[in-house]
Amino acid sequence: RESDHRAWTPVTYTVTRQNATIQGLIQGKAYFFRIAAENIIGMGPFTETTKEILIRDPITVPDRPEDLEVKAVTKNSVTLTWNPPKYNGGSDITMYVLESRLIGKDKFHKVTKEKMLDRKFTVEGLKEGDTYEYRVSACNIVGQGKPSFCTKPITCKDEIAPPTLDLDFRDKLIVRVGEAFSLTGRYSGKPAPKVTWLKDDIVVKEDDRTKIKTTPTTLCLGILKSVREDTGKYCVTVENSTGSRKGFCQVNVVDRPSPPVGPVIFDEVFKDHMVVSWKPPLDDGGSEITNYIIEKKDTHKDLWMPVTSATVKTTCKIPKLLEGREYQIRIYAENLYGISDPLISDEMKAKDRFRVPDAPEQPIIKDVTKDSAVVVWNKPYDGGKPITNYIVEKKETMATRWVKVTKDPIFPGTKFKVPDLLEGCQYEFRVSAENEIGVGDPSPPSKPIFARDPIAKPSPPVNPEAVDKTKNSVDLCWQPPRHDGNGKIIGYLIEYQKVGDEEWKQANLTADSCPETNYKVTGLTEGLTYKFRVKAVNAAGESDPAHVPDPVEVKDRLEPPELILDANMAREQHVKAGDTLRLSAVIKGVPFPKVTWKKGDHEVSPKADIEVTGVGSKLEIRNTVHEDGGMYSLTVENPAGSKTVSVKVVVLDKPGPPRNLNVSDVRSDSCYLTWMEPEDDGGSVITNYVVERKDVASAQWVAISSSSKKRSHMAKYLMEGTQYLFRVAAENQYGRGPYVETLKPIKAIDPLHPPGPPKNLHHVDVDKTEVSLVWNRPDRDGGAEITGYLVEYQEDGADEWTKFQTVPMLDCVVTGL
């Protein structure tokens, strides 16, 4: 029953155990319970609980605290915080127990004081450098719960933290002149950082207007009554041993601009208006010029009249002037922050002072070709107004009408290439200048010119050199000039000078006597040294001379022989039989060497054609045969030395006949042929052998093998008793060589052998002087019919056998014993 009710409520009637679980109770209420035992006779008395029982969950120790964290570490203290357990065990937390363990020790020691309910604790009095780990437990009425998870090992040392910087200003700051401004912020770091202020990379120092204030956590730079020079890029640096942070601010101290820069220039002056220009202010006040204000004043009056107050150009037209009056102009610059002091001009009278341009001077004509010419002139006086165009005209010398050379404007250049001239015609040219007032007078006509390509003198010849010499001459050669001056090179003039003389002598009198790029200078004196030079000549004249680099001593040259081999003089030369063999080489040497061709150690074959020229030699053999192969040598010799080169010549031909043709193992239907390779393979690998046979009674040879690579062959399918001849030839890629033939016919019969021994020899009768013998036929007859049996006897103990007689049958009586 509930404690505040008197009525009992049955729970169950069927409990046979000594315990029961009561369901459906209400949490927070108090109950009494009673129990009675029952048997078949009836129910016994109830036993009742002595006191009421309050229904609630059972109380346990708390769970482990959460989120144990290290908040601060110094060399002798550690500060920790934590959160309560997720479940307090059904009873309020009464205190927390914080424990520590020195790394290396086994046990944890309590470090908190009694009844601590704060969830933050600073452990003090630690030893610098020691390392600890910590854990915390919660306690309730039941007892102490599980400890939290341990912290990571914590070493006692002063904390290091990189600097942080939190600024109150933006990247850019605009300040009016005269106003104050400040740059502030907060910072942190361990150890305490050093704070430095820079302006445009220069350290800021305190003065009457500049104040710097720094606390352990804040920083401030203040400037009183700012001036334009305070404009710049400010930088604050917060730095300690672990690093640095920087903050930047571009401060722009703005003011009204300085006056425009003079003088005021009167670009154009007319009787009723003027055009003036000026330069922008040197200082725009830190803000873009947004406007110029222009005013005018008649010098006879004190009143300034507005012209315009809305222009950003540095030029302005001053209208509505009275002719003959003098005027002054004043100009203000304006920006967002104010208007500058004025720039005032000199006095200027309003009157026309412009006219059309003067006539240019006589133009000069350059770079004439067959269809164009370049006209060049000087700029004339422009009449006070800028020249905007030039007009170039042309006419043929005999004509009267001038024609413009182009419809397009010609400006600002003072030269023009006139196109579309007729080749061979004579032209004059003139130029007029034009400005906004009009077109001026034309220049005097140019000197007449003919439209044709110009011919200039050629450039000098290239790389003249002495290539040969004798005791009274020197051979020169050179290359044509790089530029022929647009005219055909007629020829070359060659000059020479004895070393030590000043005078140059001509080797040829006219250029056309040396049209080529080489010349032999003759009539020189042996033993003397000369210089040489060459000039190119065209219709415009002679080029500058090109000199042979070094002086040349006139004497016979002596050069050892030199052989420059052609491709056909490689180490080995292959030529097909019947083709032509050619061997050649370029030969050098002074004097020209003697040439000798040899084959091996002997003279070359009379059929060889040998040709020797001034530059080389050639050997040629037509319709080559295999015997023309061998080692050919070319020897060149002069007093300065000799040189020899050799080349192996292989004449590629059909191979020679095979050697030692032999027939063995003759049978009634086959025989075995063997031979050796030819002595001469024709310069090419033997590819196969051809084997043929012939019945001696027939005229026809029959091939029995044409592809054998071996040097043997089994001739099969012979007719027994027939006589055969055999022959063999070798083949390579150039053809089939001659046959080698057996010397005598071979008869196709099986070979004969002696018969085997008679079998089962024994006596059938014996007398005192004779013995009767019988035997059986042998197993083999040797390939032929047995014609008889030879009977021999031997006395016991003797070495020799004595022939008795040959008998045709299988028995014999030996007598005379």
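Reader: Which residue lies over the face of phenylalanine 108, and at what distance from the ring centre?

Author: A charge sits over a ring if NZ of Lys or CZ of Arg is within 6 Å of the ring centre and within 35 degrees of the ring normal. Here arginine 135 lies over the face of phenylalanine 108, 3.9 Å from the ring centre. Arginine 727 lies likewise over the face of tyrosine 739, at 3.9 Å from the ring centre. Please keep in mind that this is a predicted model, where local features need pLDDT of at least 70, side-chain atom pairs count only at pLDDT 80 or more, and totals for chains, interfaces and linings use all residues. Residues are numbered from 1 along each chain as its sequence is written, and side-chain values use heavy atoms, with hydrogens and water left out.

Reader: Thanks! How many aromatic pairs does the count come to?

Author: Rings of Phe, Tyr and Trp (its six-membered ring) pair if their centres lie within 6.5 Å; planes under 30 degrees apart count as stacked, over 60 as edge-to-face and the rest as tilted. By this rule there are 14 aromatic pairs. Take phenylalanine 181 and tyrosine 234: their ring centres are 6.1 Å apart and their planes stand at 80°, so the pair is edge-to-face.

Reader: Where do phenylalanine 181 and tyrosine 234 lie?

Author: Strands (E, at least two residues) are DSSP runs, numbered from the N terminus. Phenylalanine 181 is in strand S14 (residues 181-190) and tyrosine 234 in strand S19 (residues 232-240), so the pair ties together parts that are 53 residues apart in sequence.

Reader: Are these two residues buried or exposed?

Author: Buried means under 20% relative accessible area, exposed over 50%, partly exposed in between (1.4 Å probe, protein chains only). Both phenylalanine 181 and tyrosine 234 are buried.

Another edge-to-face pair is tryptophan 675 with tyrosine 689, at 5.6 Å centre to centre and 65° between the planes. Tryptophan 675 belongs to strand S56 (residues 671-676) and tyrosine 689 to strand S57 (residues 688-695), 14 residues apart. Tryptophan 675 has 4% relative accessibility and so counts as buried; tyrosine 689, with a relative accessible area of 3%, is buried too.

Reader: Which residues do ring pairs link into a cluster?

Author: That cluster holds Trp377, Tyr390 and Phe411.

Reader: And in what sense do strands S17 and S18 pair?

Author: Two strands pair if DSSP finds at least two bridges between them. Strand S17 (residues 210-214) and strand S18 (residues 218-223) are antiparallel, with five bridges. They form a hairpin with three residues between them, and lysine 213 has cysteine 220 in S18 as its bridge partner.

Notes. Helices (H or I, at least four residues) and strands (E, at least two) are DSSP runs, numbered from the N terminus.
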